[in-house]
Structure formats: C-alpha cells, structure tokens
Amino acid sequence: MTSLTGKTALIIGGLHPLATGVAQSLTQAGAQVIVAQTSININLDDAAVLQAQIAALPPIDIAIISPSNFSIKPFVETTDADWDAALTGNFERSVWAAQAVARTWVAQNRPGSIIFLSWVAGQMPHVNMSALGTSLGALRALAKMAAVDLGLHDITLNVIESGWADLEAFEPYLHDAGREQIKVGTPTLRLVQPAEVGALCCFLASARSITGQCLTIDGGYALTPGSGSTPFMPEHI
Amino acid sequence: MPEPKRLAGQVALVTGAGHPRSIGWGIACALADEGADVVVNDVNPAGLEDRAAELRQRGVRALGVQTSVANVEQVEAMFDQTVRELGYIDIVASNAGVINWQHFLDLTPEKLRPLVDVNLKGNAYVCRAAARRMIAQGRGGRIVITSSVQAAVQYPISPVYGATKHAMFNFVGTLALELAPHNITVNHIGPGWVRSALNDIAPGQQSAAEIEAQRLAIPLKRDGLPYEMGRAVVYYASPDGAYVTGTYLRLDGGLGISKYSE
C-alpha cells in the first residue's frame, strides 16, 4: 500500500459507500482525511463562496471529488429537473470544487493531487442513463484539459471510473437477476470493492507523472459487449 | 436524367441555421437540395425569413422559427409548429451551439452557464422533443447532432466547450441504444475548423498570423465549408445511413489526428 503519511486528503461528494471505502484506504495509508459531507460545511453551488471555504481549510494535499447524482430513467422520460440535477451534481459542482482546490494550491505554491471519482458510464453509454452518462462524459473531458493547465503548478488531476459496486445509488439494478447479469458481463465475475478503488486513489495521489488520465477499475466490464437482446433493467422500470 | 432526391417527402428541422455563414445553414441547404422540407431555427431572428425564402427557391417547403434551444417551452412549441404546418418531423439536425474561451483556472460561472445550457441542455431538449414525436409517428427518424472535432480532441483554451462536445459520445450513444427499437438513428458530426461565423476572429483572441498557423496545422491545409458538413448530415439522414447509429464522424481535414503535421 502506498504511504501517504503526513498528507491530508479532502473528500467531497457522493458515491457512498465508495467514498467511505476510499476514506478508509487513505487513512490506512497514513493520511489524515477530511470528509466534507460530515466534517465541514462547504457550498458547491457558489464558486466564490466555495473558493473562500477551501482556502480557509488546513493545508490539504489530496482532493477526491465525486459526483452526487445518479439519475436513471428512459431518455424520453427525463425531465428538465433531471438534467439540471445531473449536470449540476456531477459536472458543475465537480468543476468548482476542483478549481477552488487548484487555485488554493497555486496561491500557496503547493503541489497536489486531484481525483474525480466517477463511474464507467462516463465512457460507455448505458440505456436509461442519458443524463448521468452525459454529465460524467463532460467531466472526464474537462479533467484532461484542466490537467494540462495544472501541470506546470505540479498539480495532477485524474479520473477514476469505477465499475459496478455495492452502492446505494445502484440499488434498483442490484436485484438478484441484475446482480447476475452484471457478474456475467464482468470478466472478473464480481462487483468492485470500495477498498480496491481506495488503493487506486492512494496510488494516484502519489504518482506525480500521471495526470489527465482516466483509469477504469471495473473488472473488465467496459471491455465486453452486451450479451443478449434485452439489457438488464432496474426493477421499477 | 437528374438523380432522384433522396430525402423527398421528409421534413427536417435544423437548429442554429439563421446565419448565412453558419454550419446550420450549410446543413439546411444540403437537406433541401436532396428534397427535404426544412425548418430553419435560430435564437437570433435576423435573416430567418430570408433563409426560409431561399430554401423555397430550391423547391421545398420551409419555415423560419426563432427559438432558444435552452428554453424548453420554446423548443416544444417549435416542434408543435413544425408538425402542425409541415405534417411530420423526420430529420433533426441539432446543430445550435455556443463557444467561449478561457483556461481552467480562469473559468467563471458566467462563462460556463451558456455552454451547459445550450450545448448540453439544449441538445437534450431538442432531441427529447424530436424523439417523442418520432416515436408517436411510428415511421422512424434521423437525429444528427453537431458536436465538434473537440469531441475527440480537446484544447486547454476551451475546457468547458470541449467537455460539452465530448459528452456527445455518451449522449448520442445512449440515445442510439434507447431509440433503436423505434428505428430512430442518432449520430454526431465533428466539424473542425470551418469557415463559419462562429469561427470569426474573436477580438483579442488570435492574430492573423495565429489564424494562418492554425490553417497550416490542418493536414488538408484548408478550413471546411458548411455545405460539406451538410453533406455528412445528408448521408446519415438518407437510406445510405439506415444501418448507422451511435457513431461520430470527424469532418476536420485531419485536424483531430494531427499533433504535428507536414
């Protein structure tokens, strides 16, 4: 396990319990971990306020930012509110959080590592995930260009796209038939464990020459085409 | 003997088509030249009636409708008007888009907002309105979105614009999967450096020398023409494109694959 002794990590966003597992991995690696949802009050919807809040924090070295919206609905049924929620929750808030952290580090002349903790829908279209996939796709592209600009400040920015895991957001898909279909469609025949994603976070947080990359940790799920004519569906659709 | 028009009897709608030097206008002309009736839309009303009149001179029915694609009520009204006056909606070129330039650390909410509202939500509203009506009609449909070479290759000077264009891979892919059972294909085109009003020199952004350097960086050593973009949309909309969905066609003279060129 990579050592992060002496480092401080800030975790912002959703994807519970994935974020919880990542926090545990960072702690085991020796980092002090601040979980924004529980420890501090930050406003992700006001870029100026957020900038001040981040700048006021104790010095941090690692920022893990994850999406908070997982709208799952047929495209023709998506509402305007669905699109607002997905784009705000997954793209815009992540942009302002990363910018606030980066600006603080630049002002402090401090290197750092930003990780967008995303999901494989950012690279692979899924039925009923138009808003989700679009918002995560935008995020992965912005990350690359932000990384280009941040490189000269010794700030890395990468994206982790996780596959299926035991997450509350995906509960509608994790009925017995859905779990089986996911396993069959995943070469490793199992769901991703939060600790595995945590270990990848720890590695990226210390890898100073890896930046602007999207790393997929999904057991090979995104590699394989769908099987059968009917995609798996959540129980309520 | 003249070749038969491949889109005769079809009704098309093209957003962002009001300016005579726009990609949207090139698309509208190409569709009309293949016999489609065309609705030309733009957020700017100037010239819309002139555009519609020019299309009628090409022998098709045409309407000019002013709408902001970021306004869902206006979008729905535009589609209602199209079906009411022209009978159907068969082809939609969701082309309207905006661009601005700033590096990541300089990005402001005022810069981000129009890009998200037009390039992401606007496409969602237009394609949703199209899809619902095409499904109800039961005769299939063709949706072509104008993304950009920046869907594939982003530039640090326009991180949000590039993000909104790259997101079209996800958007188009998902729509292609969901609408395939209704025989509706969904694809996107990626124009590169096109001789359009959108790419006029932005004051203070680039010098003439920089513009020339940009042209020389394109392997085919020229900018693209709006009508060339339109011909690609015709392909997707025609019977030739009936088995093509979820794809991206880069129309950029090789710009997207050339870190360095001869």
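**View 1. E196(A) and its salt-bridge partner.** E196(A) is partly exposed at 30% relative accessibility, where buried means under 20% relative accessible area, exposed over 50% and partly exposed in between (1.4 Å probe, protein chains only). Its partner is R190(A), with the closest N and O atoms 2.6 Å apart. A salt bridge here is a side-chain nitrogen of Lys or Arg within 4 Å of a carboxyl oxygen of Asp or Glu. R190(A) is partly exposed too, with a relative accessible area of 39%. This is a predicted model: local features need pLDDT of at least 70, side-chain atom pairs count only at pLDDT 80 or more, and totals for chains, interfaces and linings use all residues. Residues are numbered from 1 along each chain as its sequence is written, chains are lettered from A and ligands numbered from 1 in the order in which they are written, and side-chain values use heavy atoms, leaving out hydrogens and water.

**View 2. D82(A) with K73(A).** The two side chains form a salt bridge, 2.7 Å from N to O. D82(A) is buried, at 14% relative accessible area. K73(A) is partly exposed, at 24%. Over all chains, the search of the whole structure finds 23 salt bridges.

**View 3. R133(B) with D80(B).** This salt bridge spans 2.8 Å, N to O. It links distant parts of the chain: R133(B) sits in helix 4 of chain B and D80(B) in helix 3 (residues 72-86), 53 residues apart. Helices (H or I, at least four residues) and strands (E, at least two) are DSSP runs, numbered from the N terminus. R133(B) is buried, with a relative accessible area of 15%. D80(B) is partly exposed, at 38%.

**View 4. The interface of chain B and chain A.** About 3300 Å² is buried between the two chains, 68% of it on carbon and sulfur atoms. Buried area is the accessible area (1.4 Å probe) that two parts lose on being put together, summed over both. Chain B brings 37 residues to the contact and chain A brings 45; contact means heavy atoms within 4.5 Å. The rule finds 16 residue pairs in polar contact across the interface, both residues at pLDDT 80 or more. On the chain B side, helix 4 (109-137) and helix 5 (159-179) are the elements giving two or more residues. Helix 5 gives the most, with 14 residues.

**View 5. Salt bridges between the chains.** The interface of chain B and chain A holds three salt bridges. One salt bridge joins the side chains of R128(B) and D80(A), 2.7 Å from N to O. A network of salt bridges links D84(A), E92(A), R113(B), D117(B) and K121(B).

**View 6. T15(B) in its loop.** T15(B) lies in the loop between strand 1 (11-14) and helix 1 (23-33) of chain B. T15(B) is buried, with a relative accessible area of 0%. Its side chain reaches the backbone nitrogen of A96(B) at 2.9 Å. Not counting residues up to four places away in sequence, T15(B) touches several others, including G24(B), N41(B), M78(B), S94(B) and V126(B).

**View 7. Helix 1 of chain B.** Among the buried residues are I23(B), W25(B), C29(B) and L31(B). G35(B) follows helix 1, with a positive phi near 95 degrees.

Conventions. A polar contact is a pair of N or O atoms within 3.5 Å; within protein, one must be able to donate a hydrogen and the other to accept it, and residues adjacent in sequence count only if both atoms are side-chain atoms.
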